[in-house]
Amino acid sequence: MNAPMRSDDSITVNVGLGARAYDVAIGRGLMATLGDRVAALRPGCKAAIVTDETVARHHLAAAEAALKAAGVNAASVRVPAGESSKSFAMLERVSDALLAAKIERGDLVVALGGGVIGDLAGFASAILRRGVDYVQVPTTLLAQVDSSVGGKTAINASHHGKNLIGAFYQPILVLADTALLDTLPEREFRAGYAEVVKYGLLGDLQFFEWLAQHWKDVFEAGSARGNAPAPREYAVLKSVQAKAAIVARDERETGDRMLLNLGHTFGHAFEAAAGFSERLLHGEAIGLGMALAFEFSARRGLLAKAEAERAIAHLAAVGLPTQVNAIPGARPGLDAIMDLISQDKKVRRGRLTLILVRGIGQAFVTRDVDAADVRAFLAEKLAAPC
Ligand SMILES: NC(=O)c1ccc[n+]([C@@H]2O[C@H](COP(=O)([O-])OP(=O)(O)OC[C@H]3O[C@@H](n4cnc5c(N)ncnc54)[C@H](O)[C@@H]3O)[C@@H](O)[C@H]2O)c1
Ligand SMILES: [Zn+2]
C-alpha cells in the first residue's frame, strides 16, 4: 500500500474543539503560506516569533519572510536550544520581550521550534495579558505529530519535575511544514518517530503495519517529491488525525487522552533517571517505555508473546532502545525507578495508572495494577546482563 497522498498536497486536519477549534495544515513547503494564513485569521495583526538559537539559524529567515510578504510585521525572540529553556527565567525573558514588542490582544505569537519552544511560547501566550493568540510552527517530528496539537503548554519546576507549571491553551493554527524536518538531526527524527509509531500501537493496527513496511521512506529526507507517494507527510497526517480525534474527545485528559501516555509511565521514569539529558531523549525513553508496556502486558496474559515481540521488533528495527541496558551510563536503581513511577503525575490517589495493551492497536487505561508486580518486572529488567 502506498501513501495515499502526494508530497506537495497540503492537507488540513481540524481539531474539533468548538469555539476553540483550529486547523493543522500539513505539507511540504507550507512555511511560505504562513503570512497569508495569519493575515487571513487575524487581519492587521502584528506578530512575534519565539524560537531557539538552532532553529533560528535554519528557519527564522523563512518565517520572517513569509510574514513580511503578507504585510505582517514580526519581532523575534530567541532562547537557547534545549530543555533548560522551559524555565521560569526563560518565561520571564520571553514575556518581557513580547511586551517590548507590544504584542497585545489581537496580535499573535508564533512558536517556531520543537516541543520546548511550543510549550514555552504557548504558556507565555496563555498568560501574557491574560491570553494572546498563538500559532504553532513545529520544526521537529515530535512537535509536528504530538506537542503542537492539543494545547498542553508548560514549563518545568526546577525542583519538582517536568511540565508542572502550565496551562491548557489551544493555538489558533498549527502549520506543519514537513520540509523543516530536513535539517533535523537523525537522532531527533528517530526520537520523534517513537510518537508516530505510538499512534499505531495504541489504536491503529493498520497504521502500525504500514509503518513497519514504510518507515525507511518516512525517515528519508526529500524522498517525497513530485508524483511519488509521500510517506513522511502521510505519517504526520495519520498521527495528527489520531491525536486530534483524542483531544477533541478529551481535551483535559480525564479519560481517553491518557491513552496517549502509552509508554510514558515507564519511559518518563527512565528519562528522569538519566537526568533528561542527551543520554536518553524523550522519544527514545518512550520507545523503551512502549517496549516495556508490551512486554509487561504479555506477562500478564493480555496479549500473545509473539504479538508483543512484533511491536518490539519494529521499535528495535528503527533503532529505538527496547531494553534497559541500551541506555548508556550507569544503570538506575530499582528504588529510584519505582519512586519516579509513583511520582508520575498520572498517579491518582496513590493508585498506579498504566496504559497496557490487549494487542497492537488496542491500548487501554488501567488503575488495577499492583505496584509490586511492576516492581518485580522491572527488577528483572534491571538485572538483565549488559
Ligand atoms: N505539549 C505537549 O503536548 C508535549 C508533548 C510531547 C512533548 N512535549 C515536550 O516537548 C519537548 C521535546 O520536544 P522536542 O523533542 O521537539 O525537543 P526540542 O524542542 O528541544 O528540539 C530538539 C532539538 O532539535 C533542535 N531543532 C528543532 N527543530 C530543528 C530543525 N528543524 N532543524 C534542526 N534542529 C532542530 C532544537 O534546537 C533542539 O536542540 C519536551 O520538553 C516535552 O516535555 C510536549
Ligand atoms: Zn511523549
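This passage describes the two ligand sites of a predicted model and then a handful of individual residues.

We may begin with ligand 1. A shell of 26 residues surrounds ligand 1, and the closest of them are Glu83, Gly115, Thr139, Thr140 and Thr183. By residue class, the shell is made up of seven nonpolar, ten polar and nine charged residues. A polar side-chain atom of threonine 140 is found 2.7 Å from an oxygen atom of ligand 1. For aspartate 52, an N or O atom of the side chain lies 2.8 Å from a ligand oxygen atom. Valine 116 takes part through its backbone instead, with a polar backbone atom 3.1 Å from an oxygen atom of ligand 1. On its own, ligand 1 has 860 Å² of accessible area, and the protein covers 89% of this. Two or more shell residues come from each of helix 2 (53-69), helix 4 (115-127), helix 5 (141-147) and strand 8 (161-168). Helix 2 provides the largest share, with four residues.

Beyond its sequence neighbours up to four places away, lysine 162 touches Glu83, Lys86, Asn156, Glu271 and Phe276. Asparagine 163, also in strand 8, is partly exposed at 25% relative accessibility. Its backbone is worth a look: asparagine 163 is not a glycine, yet its phi is positive, at about 60 degrees. Most residues other than glycine have a negative phi. Lysine 102 likewise has a positive phi of about 60 degrees without being a glycine. Lysine 102 sits in the loop between helix 3 (88-100) and strand 5 (108-113), and it is exposed, with a relative accessible area of 53%.

Glutamate 195 in helix 6 (residues 186-203) and histidine 282 in helix 10 (residues 282-299) are 87 residues apart, so that the pair links distant parts of the chain.

Lysine 198 is placed in helix 6, and with 1% relative accessibility it counts as buried. The side chains of lysine 198 and glutamate 195 make a polar contact of 2.9 Å. With neighbours within four places in sequence left aside, lysine 198 is in contact with Asp146, Leu260, Leu262, His264 and Met290.

Two buried residues complete the account. Methionine 31 belongs to the loop between strand 2 (22-27) and helix 1 (34-41), and its relative accessible area of 4% makes it buried. Methionine 31 and aspartate 177 are 146 residues apart in sequence, but their C-alpha atoms are 6.0 Å apart in space. Apart from neighbours within four places in sequence, the contacts of methionine 31 are His59, Ala62, Ala63, Ala66, Leu112, Val137, Leu175, Asp177 and Leu180. Valine 13, in strand 1 (residues 11-15), is buried at 7% relative accessibility. Valine 13 touches Tyr22, Asp23, Val24, Ile26, Leu237, Val240, Gln241 and Ala244, with residues up to four places away in sequence not counted. From valine 13 to phenylalanine 208 the separation is 195 residues in sequence and 20 Å in space, C-alpha to C-alpha.

Note on methods. Residues are numbered from 1 along each chain as its sequence is written. Chains are lettered from A and ligands numbered from 1 in the order in which they are written. This is a predicted model: local features need pLDDT of at least 70, side-chain atom pairs count only at pLDDT 80 or more; totals for chains, interfaces and linings use all residues. Side-chain values use heavy atoms; hydrogens and water are left out. A residue is near a molecule or strand if one of its heavy atoms lies within 4 Å of it. A polar contact is a pair of N or O atoms within 3.5 Å; within protein, one must be able to donate a hydrogen and the other to accept it, and residues adjacent in sequence count only if both atoms are side-chain atoms. Accessible areas come from the Shrake-Rupley method with a 1.4 Å probe; for residues, only the protein chains shown count as cover. Ala, Val, Leu, Ile, Met, Phe, Trp, Tyr, Cys and Pro count as nonpolar, Asp, Glu, Lys and Arg as charged, and the others, Gly among them, as polar. Buried means under 20% relative accessible area, exposed over 50%, partly exposed in between (1.4 Å probe, protein chains only). Contact means heavy atoms within 4.5 Å.
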